Amino acid sequence: MARRTYNQYCGLSRSLDLVGERWTLLIVRELMSGPKRYTDLADALDGIGTSLLAARIKQLDDDGLITRYTLPPPAASQVYELTSAGRELATALVPLAMWGIRHQFDEPRKAEESYRAEWTLVFLATLIDPPTDMRATIQFHIDGSAGAIRISDGQASVIPGEIGNADATITTDLRTLGRIGTRELDPADVVDRVQVAGNTEIALRLLGLVTNRR
C-alpha cells in the first residue's frame, strides 16, 4: 500500500507521514496496555478489515514503532509491542486524548459506539507518578466495561478486563473519569462522584495521584 506524504519539511508533517493514516494511532493505543496478538488487535479495532490492519502493522514495524516476537511455550503466539520510539509516541498522544475527553464528550455515548475501559486507563496511567513503596491493584468499572491499574515499583500499568483479588474497585462513567484526568474536578469533590468498594483509602490515593499531579 503506497504511503502518502505531505512533502513538508516540518516535524508535525513528518510525524503525520508516519502515523497520520486512519487506524494507525489506535493500534498504538491498543499496545499501550502491553503486547497483543493480531487477533487481539482485530477484536479491539472492529471495522478495520484484516488487510488494512496487516498493512498498518507492517508500516509501524517498518518505521520502528512496534516490534514482533513469539511468546515461549505453551503460548507460542506471535505478539506485537511498542518499541522505545513507539512508547515515546504513546506518551505524546496523552494530551491529545485528554483534549478529546475535555471537548468531545458533551453528548452521551451513542448505541453504535464501542468502548473498552483500558482505552481510558492507558492514558490515565501515564498521568500517575506513584511512590516506589506503593503496591496496589485497582479495578475500574467504566460505562459497563472493566479494566485495572496496577501500581508497583513506581510504575502504573494497565490490565484489560475483569481481574480477581483487586485491592479496591472504582465504578464511574467515562465523563467523570475524564474530568478527573483533566483536573476539572476539585480533588475534594472526587469522592462524591465515584463509587468505591474494598480499600477506599488506596482507591482515593490513586485518584489523588492523578488530580494532584504536577
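Reader: What volume does the second largest pocket have?

Author: About 440 Å³. Bear in mind that this is a predicted model.

Reader: And what makes a residue count as lining there?

Author: A lining residue has an atom within 4 Å of a pocket point. For the second largest pocket, 21 residues make the list, and Met 32, Ser 33, Arg 87, Thr 126 and Ala 156 are the closest to its centre.

Reader: Which elements supply at least two residues each to that lining?

Author: Strand S3 (78–82), H5, H6 and strand S6 (155–160) do. The largest share, four residues, is from S6.

Reader: How do you know how many of those lining residues are charged?

Author: Asp, Glu, Lys and Arg count as charged, so Arg 87, listed among the lining residues closest to the centre, belongs in that class. The whole lining splits into eleven nonpolar, seven polar and three charged residues.

Reader: Now the largest pocket: how much space lies in it?

Author: About 1200 Å³. Helix H2 (24–31), helix H5 (84–103), helix H6 (117–126) and helix H7 (174–181) each give two or more residues to its lining. H5 provides the largest share, with seven residues.

Reader: Which lining residues lie nearest the centre of the largest pocket?

Author: Arg 29, Phe 105, Ser 114, Trp 119 and Leu 174, out of 32 lining residues.

Note on methods
Residues numbered from 1 in each chain as written. Predicted model: local features only at pLDDT ≥ 70, side-chain atom pairs only at ≥ 80, totals over all residues. Heavy atoms only, no water. 1 Å grid on protein atoms, 1.4 Å probe; cavity = no way out; pocket = protein on both sides within 12 Å on 5 of 7 lines; lining within 4 Å. Points joined across faces, edges and corners; volume = space filled by probe spheres on them.
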